[in-house]
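Try each task before reading its solution.

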Amino acid sequence: MPVYICPNCKNRSVDVDGFEGLTGSAQPQCRRCGFGFVFQLLEDFYPAPSTGFLVCDADARVLAVGRGVFELTGWHDADLMGQDVATALSLSDGEAIEVVREWGVRKLGQELDLVTRAGIRKPVTVDLFPAYDDDGGLLVGLTPRTA
Ligand SMILES: [Zn+2]
C-alpha cells in the first residue's frame with residue numbers, strides 16, 4: 001500500500017480511503033497542514049525531527065520547500081523555488097541526484113555538504129526519493145549531520 005509523506009509537516013499517511021488523490025480530481029495535499037504536495041513513497045521512511053524536505057521536478061528544480069529547510073540552509077522558499085536544487089544549495093556532489101532521476105531508485109544516507117546562505121559549509125545527510133508519477137521529479141531530504 002502506498003505511503004505518503006508531507007514535505008512540510010512530515011506527516012506520514014497511508015492512502016486508505018483515496019483522500020491523497022491521484023484520482024484526477026484535486027491536487028494531492030496534506031490532510032494535517034494543508035500543504036499542496038504529498039509525496040508517494042514505495043517504502044515507509046521515518047525522517048528525523050530536524051529533517052527538511054524539498055520537492056523537485058523532473059529537472060531537479062525546486063517546486064516546493066518544506067518546514068525546516070530555512071533553519072538548515074538560511075534560504076527562504078522564494079530563493080530556492082525554480083532553482084536547480086544541487087546548485088542552489090551548493091551540494092558537494094550532485095551525482096546521487098542524477099542517479100535518482102535517471103534510474104528512479106531511492107538513495108539514502110548520502111553524506112554531503114551544503115553551503116548556507118551565510119556561506120557556511122554544513123555537513124548533511126541527504127536522502128533522495130524518486131517520484132513515481134508521470135511527471136517524475138524527486139524528494140530531497142536534508143538532515144544536519146555532526147561532522
Ligand atoms: Zn503536512
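This is a predicted model: local features need pLDDT of at least 70, side-chain atom pairs count only at pLDDT 80 or more; totals for chains, interfaces and linings use all residues.

**Exercise 1.** Determine which protein atoms are the donors of the zinc ion, and classify the geometry of its site.

Solution. Begin with the ligands: the SG atoms of Cys-6, Cys-9, Cys-30 and Cys-33 are the protein donors, lying 2.2 to 2.3 Å from the zinc ion. Next, take the angles among the four donor atoms, which run from 106 to 112°; because the tetrahedral class requires all angles to lie between 85 and 135 degrees, the site of the zinc ion is tetrahedral. Along the chain, the donors then follow the spacing C-x2-C-x20-C-x2-C.

**Exercise 2.** Describe the secondary structure of the protein chain and its order along the sequence.

Solution. First count the elements, which come to four helices and eight strands. Then read them in sequence order, which gives the pattern β-β-β-β-β-α-α-α-α-β-β-β.

**Exercise 3.** Find which residues touch the most other members of the largest nonpolar core, and trace the contacts of Leu-54.

Solution. The largest nonpolar core holds 24 residues, of which Leu-54, Val-85 and Val-140 touch the most other members. Elements giving two or more residues to this core include β4 (52–56), α4 (95–103) and β8 (138–144). Leaving aside residues up to four places away in sequence, Leu-54 touches, among others, Val-62, Val-69, Val-85 and Val-140. Apart from this core lies another, of 16 residues, among them Tyr-4, Ile-5, Cys-30 and Phe-129; Cys-30 is also one of the zinc donors.

Note on methods. Residues are numbered from 1 along each chain as its sequence is written. Side-chain values use heavy atoms; hydrogens and water are left out. Donors are N, O and S atoms within 2.8 Å of the metal (3.2 Å for Na, K and Ca); water is not among the atoms, so sites may look incomplete. Four donors count as tetrahedral if all angles lie between 85 and 135 degrees; four count as square planar and six as octahedral if opposite donors are over 155 degrees apart and all others between 65 and 115; anything else is irregular. A nonpolar core is a set of buried Ala, Val, Leu, Ile, Met, Phe, Trp, Tyr and Cys residues joined through side-chain atoms within 4.5 Å. Buried means under 20% relative accessible area, exposed over 50%, partly exposed in between (1.4 Å probe, protein chains only). Contact means heavy atoms within 4.5 Å.
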